[in-house]
Each structure stands twice: as structure tokens, then as C-alpha cells.
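Here is a briefing on strands, aromatic pairs and charges over rings. Keep the sequence and the model open while you read.

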Amino acid sequence: MATEVKLTNYWISSSALYIQLNAMGEPNYIQCSVASGASILCYMQDIEGLGYDAGHNYQRWPLVAYPSLFPDAKAKYVYVAIPRVSNGVNGTAMVVFPSERIDIYGKSIASPDKQVGNEDYYYVYLQGEISEVLTKNVGKDENDQDIIEKYREWTLTVEYGSLATDEAIASGGEGQWWRYESVHDTIKFLKTISVAAFTTLKAATATIATLFLNGHKIVGVATENTDDTSANKVVTPEFLGQFGVRHFLSKENDDTVNGMITFIKGLVSEALVKLNRGAYFGKGGALIDEAGRAIFESLQSIDYDNEAEQGFAVKKDNGKYHAFVTNLTIWGKAIFHELDVRKLSYSGGNIYLSGAGSKLIKVVPVKESVSADGVISWVETTADDAECAGWKCYLLADNGTTATMNYWQEGDQVRCQTIGEIVAGGAYSDTSNKSYWRTIPDGGVSTQNEKIYGTKTEIYLDEAGKEQTREEQVELYDGQAFAWIVVGKHSEGLDGYTEKNAPVEIKGDPAEGDTIVLDGNRHRNGNLEYDKTDRQNVIILETTGDYAPRIACYANISEYKHTITKSVNGENKEVSLSVFETSPKGGTKINSSHFELISDDGSTINIINYRGDWVEGNTYHKNDQVNHNNAVWVCVANSEEDVTGEPSDGSTQWKKVLSGSKGEKGDKGEDGVAYQIMITSDTGTVMINGSGEMTLKATLLRNGEDISDTVGNSSWSWWRQSTDAEDDAVWNKLHEGIGRNCLITRDDVDRQAQFGCSVCVSDTKTINSNI
């Protein structure tokens with residue numbers, strides 16, 4: 001138990017001490033001094049150094065005090081510090097101002113183990129307490145701003161003690177009728193005062209027959225017999241109570257008000273409020289009338305969140321009202337003047353058709369935790385945690401009535417790509433592009449749905465009737481349970497990258513509101529073989545991009561790209577994984593290994609791929625066509641086989657489909673000259689299924705020498721022989737005298753035709769040849 005000095009244990013003269021608060025207008029500065037020769041007498045039995053002196057008298061210590069500057073705004077207490085051992089150096093007692101109550105040894109009253117005062121002193125509590133720094137409004141400045149004044153005041157007054165000594169009695173005891181107290185600059189009356197004039201009067205009990213307040217006479221307390229016009233009697237709560245029904249509202253009983261009441265600070269009701277004639281809200285005309293009809297500027301549920309697509313709202317958007325609601329059921333007829341049907345699309349307007357696609361409703365950084373039996377769990381952490389392995393992403397429900405289905409699997413590659421945002425009013429803002437391509441690790445797919453929890457700020461009334469706030473845990477999204485996936489950070493073990501070296505287009509961070517799609521899978525079995533190839537395919541419908549509009553089908557996607565590195569003719573080349581793609585800008589491309597034409601009888605129609613002249617060292621594949629050794633060859637190897645061998649009659653990988661030869665050698669004329677015509681083609685001599693075109697070129701040789709340039713165009717004529725002789729005659733007529741080159745298109749061939757050229761070398765001699 002703390003030991004404190006009582007009033008009967010000390011005494012100082014009532015005029016010995018002077019303390020002025022708020023010196024120089026500063027609440028933390030006080031002027032403190034003592035009268036010349038002032039001292040303190042103190043006696044406490046069994047306290048070493050505070051007993052009698054050698055002459056069996058009370059001990060006294062000279063008293064000193066100094067102006068003080070408080071270090072903080074806390075309340076202060078008035079003590080006198082008396083040295084425990086007096087000597088010539090420290091033989092004086094000093095007035096001090098600690099910030100808390102302490103016992104005689106300087107220990108805290110509230111925390112006895114805490115030493116506040118110097119252990120070389122005893123501490124005498126003079127009962128005085130100075131308030132913490134207070135503030136008050138003292139007026140307005142020239143700018144009509146409030147002038148706030150800081151100050152301190154006495155909470156408890158200093159007591160001078162009542163240690164019974166001759167000196168104490170002589171300075172103001174039973175033989176005196178008043179005592180001056182210098183600290184508070186007041187006089188304490190020790191006997192009854194019959195008549196006196198005071199500037200300020202404080203009394204614990206005062207009996208007053210007649211009281212004048214600023215010249216106004218008060219003669220008593222109002223009673224039930226007091227006239228309503230009385231102006232000289234004090235009104236009490238008891239007196240007011242009898243008029244409560246007529247003049248004042250009751251706080252205890254039901255009551256009725258005939259006039260209008262204005263609540264400046266608001267109105268709080270813990271029970272049902274009944275408004276028989278309706279109610280107005282705000283100053284904009286919003287109301288609910290007596291029939292229950294509501295007129296509001298906008299309306300929304302408490303949990304409304306446009307990004308998360310939850311709750312409902314009806315609000316004005318660009319001058320027109322817009323309703324946001326999850327489901328809408330109409331039992332009667334619906335009439336729409338204009339109906340705009342929209343469906344969620346991915347990646348800035350490009351639609352992905354793949355095995356999974358979701359919108360993220362909540363994203364939490366997590367780290368991996370593996371139990372002793374190998375079960376993987378995910379623990380919430382911070383994004384900058386070195387152990388952070390990715391993000392736990394909760395998936396938005398498909399609708400408000402069923403739980404979310406989780407179509408994601410381990411090893412799935414999660415892709416997100418946004419190209420700007422559509423902001424309020426429909427304007428396009430290219431300010432928040434985001435792109436990431438990441439992988440779901442093992443154990444990163446939920447096996448059962450979870451509820452999402454959050455905190456909500458609740459307003460309540462405390463015992464004093466004041467509004468307070470507190471945080472409480474609540475279920476979000478109406479208690480729905482959601483599936484989740486973990487989108488992993490880039491790492492060597494997961495995808496071969498790190499967060500530092502990953503390309504910028506795949507390293508964005510998942511966030512709430514992101515739309516993600518499945519774009520490939522890299523999961524492998526124990527033999528390091530891809531075992532989820534059915535999840536490596538995607539169809540993309542592009543409406544934006546360099547080749548838009550475009551349709552593209554990709555297969556075997558196992559990395560963060562739509563290409564695969566292959567060795568082509570001795571060099572590494574990025575080859576597209578597309579099976580099929582088409583666009584106005586890039587044309588239509590079909591991977592030949594995945595494409596097959598079927599005839600009416602079900603047989604395969606092969607597509608010939610003309611590769612030009614055969615080049616040693618190049619790689620060829622099935623249905624490639626080349627020119628070599630004055631012949632046309634088609635590769636007949638298996639689909640997956642690479643062919644590098646030279647086309648020849650003995651090859652099992654090549655088939656000769658056409659061989660070229662010189663025209664028949666003409667007989668020598670009378671002049672001993674022989675003429676020949678050679679015909680060649682720039683793209684081979686076979687047209688498949690009426691597609692493509694070729695240019696035939698004729699060369700005239702005389703005795704083996706090319707003399708084509710000496711013959712004019714009008715001397716060169718071309719002819720066709722097919723199953724339609726009548727049409728051949730027309731075609732031949734159109735191709736007379738057209739020159740040594742002849743363009744053959746799909747319109748010139750019906751299944752099969754033979755073409756030839758004739759050259760008129762003189763009026764009597766024409767040379768003819770065919771191909």
C-alpha cells in the first residue's frame with residue numbers, strides 16, 4: 001500500500017508560496033516563488049529523516065521554488081521534495097510538479113513498481129492539482145475565424161497543512177478569523193461572516209435570504225403557487241415537472257407535440273418510427289408519401305458493388321436512369337423500345353473459347369504450407385513476403401442462385417489481358433493496360449467452395465447515448481460460397497521464369513475485377529509427358545489487334561506463347577501453333593498436317609504444296625511438289641516424316657508426276673535448218689481441284705539456238721485440247737497471236753486439258769509443240 005503524507009504531517013505558512021498559472025499567456029509556463037525565509041515543517045513517525053530533531057522538535061527545511069516550463073499538456077500535481085539526508089549542499093526543500101500522483105518515496109500510485117521521483121528525496125503532497133491544457137473560444141479574428149485560447153486551471157487547491165506547532169497556531173489557527181492563501185490569492189474565512197462584500201465567493205454551504213445577481217433581486221424558489229409572471233424566484237426541475245404535459249416533451253411517457261420540432265443534430269430511434277403522413281428526405285424533394293409511394297433521385301442496396309456485380313442499384317447515368325440487377329423475372333409482358341444484349345467478352349473485346357474462364361471477385365497473396373502427410377494448403381500473407389508463392393483468387397459466381405463451378409485444373413495457364421477501360425459515359429481510356437500469363441501450381445484448385453469474410457463498421461449507442469463505431473466480422477456476398485484457384489508467381493520450378501526475368505507481358509499481378517481465361521496447360525506426369533493435352537487448345541475471335549478481324553485456332557499450347565521452336569533447314573524458327581486462322585489482312589492459313597479434303601466417295605483429296613526447284617539440304621514433307629531434272633516430283637512420305645533425299649526414279653519418298661522433253665525434231669527444210677519448240681511452266685504443270693494458276697512459256701530453237709526474240713508476238717499462237725471440242729475452238733481463237741507467254745487459270749481447265757504452242761516462222765512453215 002502506498003504511503004502518502006497527510007495534512008496533519010506537514011505545515012507551511014499560507015503566505016509562503018506563490019504560483020501563477022498561464023504565465024505570459026502560455027499554459028505550460030508558470031511563475032513559482034516563495035516568500036523570504038519560507039520553510040516547511042514535516043513530521044512522520046517511523047520514516048527515517050522525518051522524525052524529531054535532536055532537541056525533540058519538528059524538523060524544518062528552507063523552501064525554494066522556481067519558474068517552470070512543463071514539457072507536455074498533461075495534468076500536474078503540487079509536491080515538495082524534501083532531501084532524505086540533509087547536508088550543506090542539499091539542505092533545502094523544493095516545490096515540484098510531477099505528471100501523476102506519487103507516494104512519499106516518489107513511486108507511482110497507479111503503478112507502484114514505477115519510480116517517478118528522485119530516490120534521494122521524500123515527496124510531500126500539498127493536495128494541489130493543475131488541470132491538463134484546456135481550450136476555449138474567445139471570439140473571432142479579422143477573417144471571422146474562431147480564436148482559440150489554451151489555458152490551465154486549478155482542479156484542486158493547495159492545502160498548507162495542519163501540523164500542530166506554536167508557529168502554525170500563531171500564523172492562523174483558532175485565534176484568527178481568516179487566513180490568506182498566497183498560492184490562489186484568496187482569503188479563507190475561519191469564522192462566520194455576517195456582512196461582507198466579495199469579488200468572488202465560493203462556499204460549500206450558504207444560507208441567503210435575499211440574493212442580488214447583477215442587480216436583479218432573487219427572493220426564493222418557485223412553487224406551484226408562484227405566479228407565471230414572477231421574475232424573482234428560481235425555477236427547479238420539480239417545478240418544471242408539473243408543466244411537462246403543457247410546455248415540455250416527456251422523456252419517460254408517451255407525449256404529443258402540436259407544433260413542428262427541428263432536430264439540429266439528428267434523430268435516433270431504437271424502435272419502429274411510424275410516419276402516418278409520409279416523410280421528406282434531404283432538400284431535393286425526395287419523399288415517401290402517406291400511400292407508401294417513394295420519390296428518390298437514386299436507389300441502391302447496401303451491398304451494391306458494380307465491379308463485383310452484386311446488389312442492385314437504380315441511378316442516373318448521363319441524364320438517363322440505369323438499373324443494375326443480377327436477375328430479373330417478369331411475370332407479365334415486357335416492352336422494350338430498345339434492347340441492347342451484351343455478353344461478357346475477354347481481353348479487350350477478343351473472345352476466348354477454351355476450357356475455363358472466370359472473373360476474380362477477391363485476390364489475396366498467399367504462401368504454401370505442406371503438412372506432414374503432404375497436404376498442400378495456402379496461408380494468407382503479404383505480396384512482399386519472400387515466401388509468397390502467388391495469389392488466392394476467388395471466382396465470381398455465374399449467377400445469384402447457384403455456387404460457382406470450378407472448371408480450372410492444376411497446370412492450367414491463366415491469362416489476363418486488358419486494353420484500356422470503358423469509363424463512365426462510354427469514353428475509352430487507355431490508361432490501365434494489364435497483361436499476365438501465369439500457371440496454377442499443384443494444390444492450387446479448390447476442392448470445395450468457401451465463404452468470404454470481411455469487416456463492417458457498425459454504429460451503435462453507448463450507455464451515455466453517444467454514437468460509437470466498432471468493427472465486426474461479417475459474411476460478404478450474402479453468404480455465398482465461392483470456388484478459388486491459386487495463380488502462381490513465376491519460378492524456375494513452376495514455369496522456368498522468375499518474377500525478375502519474366503517478360504513484362506506475362507508478369508502483371510492478378511487483382512479484383514480481372515477477367516481470366518485458360519490459355520494452355522503445362523502439367524506433366526511422372527514421365528515428364530504432358531498429360532492434359534485436351535486443355536492445350538484455344539479458339540480466339542479477335543476484334544482488336546494488327547490482323548483483326550481474325551479467327552485463330554491453336555493446339556498444343558504448353559508455354560506462354562502460341563508458337564513452337566523448330567529446326568527448319570538447319571536453323572531454329574518460331575513456327576505458329578495455329579491449326580487454322582483467317583483474316584482479311586493475313587489471309588487464310590491451314591496447317592497441312594491437320595487438314596484433309598474428302599471427295600464425294602469419301603476418299604482423301606491431297607493438297608499439293610509447290611516448293612519450286614528442289615534444293616539440296618532443305619527439308620520436305622508429304623505433298624510438297626518440286627521441279628528437278630526436267631521433271632515434276634511430289635513427296636509421298638508419311639505425314640510426320642522429314643525428307644531430305646534427292647528426287648529420283650528409285651526413291652520411295654518421291655513420285656515423278658510429269659517429265660519434260662524436247663519437241664520432236666523437225667525435218668530439215670530445203671535450206672537445211674531444223675526448228676524445235678520447248679514449253680516450260682513457272683509453277684509446275686498440275687492444277688489440283690481447279691485452284692491456282694500457271695504461266696506457260698515457249699522457246700523457239702533453230703538448229704539448237706534460241707531465236708525466240710527474233711519472232712514477233714503475232715506469230716505465236718496457243719491451243720487447247722480437252723473433252724469439249726466446241727469450247728476448245730473458241731479458246732484457240734482467243735489465243736491466236738498473243739506472244740510466247742500464256743497464262744493458264746482455273747477457268748481454262750475443266751478437270752483435264754492439254755496445251756500447246758505453234759509458231760509461224762515463214763509464210764509456208766509453222767512449228768508446233770505441246771506440253
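Two strands count as paired if DSSP finds at least two bridges between them. The model is predicted. In it, V80 stands opposite V95 in β8. Three bridges join β7 (residues 76-83) to β8 (residues 93-96), and the two strands run antiparallel.

**The seven-stranded sheet**

- The sheet is open, its pairing is mixed, and its strand order is β1-β4-β5-β8-β7-β9-β12.
- Strands β1 (10-12) and β12 (154-156) stand at the edges. Each has a single partner strand, so one side of each lacks a neighbour in the sheet.
- On average, neighbouring strands of this sheet are turned by 35° against each other, direction ignored.

- Is β48 (residues 624-628) mostly covered or mostly open? The strand is mostly covered, with five of its five residues buried.
- Both faces are covered: D624, V626 and H628 lie on one side, Q625 and N627 on the other.
- β47 (residues 609-613) runs parallel to β48, joined by three bridges. Here D613 has N627 as its bridge partner.
- β49 (residues 631-635) pairs with β48 in the antiparallel sense over four bridges. H628 stands opposite A631 in β49.
- β48 and β49 form a hairpin with two residues between them. N629 in the turn has a positive phi of about 50°.

**Aromatic pairs**

- The count of aromatic pairs comes to twelve.
- Y79 and Y125 form a stacked pair, 4.9 Å centre to centre with 25° between the planes. This pair links distant parts of the chain: Y79 is in β7 and Y125 in β9 (residues 121-130), 46 residues apart.
- Y79 counts as buried because its relative accessibility is 0%. Y125 also counts as buried, at 4%.
- The rings of Y304 and F324 have centres 6.1 Å apart and planes at 50°, so this pair is tilted. Y304 lies in the loop between β22 (299-300) and β23 (313-317), while F324 is in β24 (residues 320-324), 20 residues apart.
- Y304 has 15%, so it counts as buried. F324 has 21%, so it counts as partly exposed.
- Y43, Y52 and Y58 form one aromatic cluster.

**Charges over rings**

- The charged end of K392 sits over the ring of W484, 4.5 Å from its centre.
- R415 places its charged end over the ring of W437, 4.1 Å from the ring centre.

Technical notes. Residues are numbered from 1 along each chain as its sequence is written. This is a predicted model: local features need pLDDT of at least 70, side-chain atom pairs count only at pLDDT 80 or more; totals for chains, interfaces and linings use all residues. Side-chain values use heavy atoms; hydrogens and water are left out. Axes are lines fitted to C-alpha atoms, for helices over the stretch in contact, and angles run from 0 to 180 degrees between N-to-C directions. Buried means under 20% relative accessible area, exposed over 50%, partly exposed in between (1.4 Å probe, protein chains only). Rings of Phe, Tyr and Trp (its six-membered ring) pair if their centres lie within 6.5 Å; planes under 30 degrees apart count as stacked, over 60 as edge-to-face and the rest as tilted. A charge sits over a ring if NZ of Lys or CZ of Arg is within 6 Å of the ring centre and within 35 degrees of the ring normal.
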